[in-house]
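Look at the model first, then read on.

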Amino acid sequence: MEPALDDAIRLHKSGNHAGAEPLYRDVLEREPANRGALQMLAMLLVQTGRPAEAVGHFRAILRLESGSVAGYSNLAAALRLAGQGAEAIACLHRALSLDPAHAGSWFNLGNGLKQQEKAAAAARSYRRSLALEPGHAGAAGNLKALRDQWGTRLDEAERRVVAARPPEADADTRTAAAEALVVVGDAVAAEAMARAALERDEHHHRANRLLGRLLLERSGAMGVQDGKPFVVDRALVEEAIGALRRAVAARPDDDEADWLHVAAVATLVQVGMVSDTVLRDGARAAWVRLRRHPKDTVAASVVGFHAYRRDRLVLASWLSRRFRRRFTAAEVAREHELGLWTMLRADDAFLRTLPPVEAVLERMAPLECRGEPAAGPAGEPVIFFCCDDVYFQRFAPTLLESLAERMPGALVAVHVVSPSPETERAMARWRTDRRLRVGFSLDRPDMAGWTDIKRVTYYASARFLRALQWLRRLDRPLMVVDTDAWITGDLRALRAEMAGYDVGLMLDGRRRGPSREIPVGFAVYENSPGGDRFLSLLGSYIGHFLAGAEVYWMLDQMAHYAVLDWLNRHEPVRVRRFDFLSFPYCHFVGAK
């Protein structure tokens, strides 16, 4: 052992963490793969309340020793303390698959399960740890604490399981056992017991409701959030929906099963996995639910999704306005999906009476152009992106560098809302960077009194009004790209594919709703009458909502879908459709 590491360990063991830490780091700076220094520094970080930082060092150890059982166990302990319980438990299962007799891993698994309130499984893990290492003080102490907290409920679950085991046990007895197992966090055993109850009576409403809820939890559907990575097991969700429908059929007043059924259908739509049959049946259930709960936003959204999936956007628009009248502005603001539906207007009366886009532009802060991109070959497109100052500093350098690498010499137009002096200086530097030909514009709107959601919606949606101004200014095709994307291929290769079209849009073929079907991370607007007409109507649509008090996220995507629907019915433009899921030219932040 090198002297510096020996000194660090001596200080560490004496409790002098502040003295030991820089010595560990000095060793790792000279020798990044020093396992001893990695291990001791990681332990010190855990001891000093920095488990998230320790995680990286424990991962480095595993890269050096991929089969280390203790390595997985230590990583799991740090993950648990860092609040990443699910990943911690996965690490422990990996450790135990390598060595089922590792007492420390069973102990750590018990701790992780206890943190997740899976008391029955935690107790089993502590007992396994003690069976392997009878003197394990931590396991003995934690098992006693667990029994003190959960003992009565654990005993009740065991008593009911014993009663449910005989072959002659009826559905009520087995369902009661399943419910008791849920209380102590044993979802696997509870699901098996609910299925056993349904073997005795397939229409038992409590067993069906419980099975449906457990399947939804296991499917991943309960954790879906817009913009976050998700994995949903469609088969499990559909099985859950079947169980929940049986529960409601047996007991129409079972409000929990009714709500879970409708919510599961809504989730399947939002993740692009719903079949027409499931959505149709879900919409029927949603209508029934709305009679009892007229302000149920999930049920209202399912009804709207069904009309949209039948390509009846005018009906979906009318329904959304009908439901909107039941809610206050504050209630709409609290419900994300309801806020989306309030921005859907597809009726002729609305679209035909929108003010011309020129009137919208006159109400906005003036566009200040600080320079156009240098001239390029005739017909060459301009890459355009628009953002606020925070997004510019966070993402624009990466996007611009990717453009310089993948599209050297490209024409680029950048618009920043209320740029800081630092951003203006950065754009001045980019305008002299010979790898790209860059133009720059800005505006400084008065946002006094605006809500946060209106501000962020302005940044996302007003860019299409600025895009129209740049399109007319340069008289070139415009390719609009999200600022937080980066370029993976030369977008100029799309010029051949755009021949004969007015607009190029990415479409999500999973049909996830009118605000999700056209992701606008990338779009093309040709300098043609059709391209100008599309962007002009889009700007008028967006301007209508920006002029009001109620503005919600994803207005830009909803506007594209509603405008395209209206134009297809009245003044068709030529649209080139790109597959969002396989678009090869850009990488987009967020889940697909």
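A crossing is left-handed if the near helix is turned anticlockwise from the far one by less than a right angle, and right-handed if clockwise.

## Basis

This is a predicted model: local features need pLDDT of at least 70, side-chain atom pairs count only at pLDDT 80 or more, and totals for chains, interfaces and linings use all residues. Residues are numbered from 1 along each chain as its sequence is written, and side-chain values use heavy atoms, without hydrogens and water.

## The α14 and α15 pair

Helices here are DSSP runs (H or I, at least four residues), and strands are E runs of at least two, numbered from the N terminus. Helix α14 spans residues 255-270 and helix α15 spans residues 276-292. Their axes come within 9 Å and cross at roughly 135°. The two helices are therefore oblique to each other. The crossing of α14 and α15 is left-handed.

Axes are lines fitted to C-alpha atoms, for helices over the stretch in contact, and angles run from 0 to 180 degrees between N-to-C directions. Under 35 degrees is roughly parallel, over 145 roughly antiparallel, 65 to 115 roughly perpendicular, and the rest oblique.

## Two positive phi values

Most residues other than glycine have a negative phi. R511 has phi near 55°, a positive value. R511 lies in the loop between β7 (503-507) and β8 (522-525). R511 counts as buried, at 17% relative accessibility.

M554 has phi near 80°, also positive. M554 sits in the loop between α26 (529-546) and α27 (555-570). At 10% relative accessibility, M554 counts as buried. Buried means under 20% relative accessible area, exposed over 50%, partly exposed in between (1.4 Å probe, protein chains only).
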